[in-house]
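Q: Can you walk me through this one? I'd like the fold, then the charged pairs.

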Amino acid sequence: MAVNFIYAGFWRRFVALILDSIIFAIILALLISLFLFVFGHEALAGKIVINNIKIDVDLTYSLIYFIYASLFESSSWQATPGKRILSLRVVGYNGERVNFWRAFGRNVGKIVSALILMIGYMMAGWTSRKQALHDMMAGCLVIRSV
């Protein structure tokens, strides 16, 4: 069965990423404020120390973002809030909803897209189905909802 999609272009996806970054930063700031209120101000040099366990803030931030994005992309929305605002959805090649682990793999794949001088992200500007490298790795498409 041939499925016709309107693929999401690079710039629309980029704006969705900016919106998601703002939304996620607000959510994370609220969570960190709550966390510091409950556990005290023990954050030092990018590390949070709880009961002698050092937690790397950058690694934790990335993991929380991957979970955040994966939960939304595998939900009935099929999109993060930023993508939803711009009428975008993450789907499989046949338009099916992706499960959490596939969405999580796609989001972790963004590390590879970023490590190669962001070329993995830029690929969405010139591939036939507007796929970034992490989309190809997970077998996903980002499409426009009509």
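This is a predicted model: local features need pLDDT of at least 70, side-chain atom pairs count only at pLDDT 80 or more; totals for chains, interfaces and linings use all residues.

Q: What do Arg106 and Glu73 form, and how far apart are the closest N and O atoms?

A: They form a salt bridge, with the closest N and O atoms 3.1 Å apart. Arg106 sits in helix α4 (residues 100-115) and Glu73 in helix α2, so this pair links distant parts of the chain, 33 residues apart.

Q: Where does Lys83 come in?

A: Lys83 is in helix α3 (residues 81-85), while Glu73 is in helix α2 (residues 57-73). Their side chains meet in a salt bridge, 3.1 Å from N to O. That pair ties together parts 10 residues apart in sequence.

Q: Is Lys83 buried or exposed?

A: Lys83 counts as buried, because its relative accessibility is 8% and the cut-off for buried is under 20%. Glu73 has a relative accessible area of 0%, so Glu73 is buried too.

Q: And what does Arg13 pair with?

A: Asp135, in a salt bridge whose closest N and O atoms are 2.6 Å apart. Arg13 lies in helix α1 (residues 10-39) and Asp135 in helix α6 (residues 133-138), so the pair ties together parts that are 122 residues apart in sequence. Both residues, Arg13 and Asp135, are buried.

Q: How many salt bridges does a search of the whole structure find?

A: Five.

Q: Remind me why such side chains pair at all?

A: Side chains of opposite charge can pair when their charged atoms come close.

Q: OK, back up to the fold. What is the order of elements from the N terminus?

A: The protein chain runs α-β-β-β-α-α-β-α-α-α-β. That is six helices and five strands.

Q: How much of the protein chain is buried?

A: Of its 146 residues, 35% count as buried. The chain exposes about 8,900 Å², and carbon and sulfur atoms supply 69% of that area.

Q: What share of the contacts join residues at least 24 apart?

A: 63%, taken among contacts between residues at least 6 apart in sequence.

Q: Now α4. How many residues, and what does it reach end to end?

A: α4 has 16 residues and reaches 24 Å from its first C-alpha to its last.

Q: Which residues of α4 are buried?

A: Ala103, Phe104, Arg106, Asn107, Gly109, Lys110 and Ser113. As background, an α-helix has 3.6 residues a turn, so residues three or four places apart point the same way.

Q: What caps the N-terminal end of α4?

A: Asn99 does, with a side-chain oxygen 3.1 Å from the backbone nitrogen of Trp101. As for what follows α4, Leu117 has a positive phi, near 60 degrees.

Q: How far apart are Arg12 and Leu88?

A: They are 76 residues apart in sequence and 8.6 Å apart in space, C-alpha to C-alpha.

Q: How accessible is Arg12?

A: Its relative accessibility is 29%, so Arg12 counts as partly exposed.

Terms used: Residues are numbered from 1 along each chain as its sequence is written. Side-chain values use heavy atoms; hydrogens and water are left out. Helices (H or I, at least four residues) and strands (E, at least two) are DSSP runs, numbered from the N terminus. Buried means under 20% relative accessible area, exposed over 50%, partly exposed in between (1.4 Å probe, protein chains only). Contact means heavy atoms within 4.5 Å. Accessible areas come from the Shrake-Rupley method with a 1.4 Å probe; for residues, only the protein chains shown count as cover. A salt bridge is a side-chain nitrogen of Lys or Arg within 4 Å of a carboxyl oxygen of Asp or Glu. The expected span of a helix is 1.5 Å times one less than its number of residues. A polar contact is a pair of N or O atoms within 3.5 Å; within protein, one must be able to donate a hydrogen and the other to accept it, and residues adjacent in sequence count only if both atoms are side-chain atoms.
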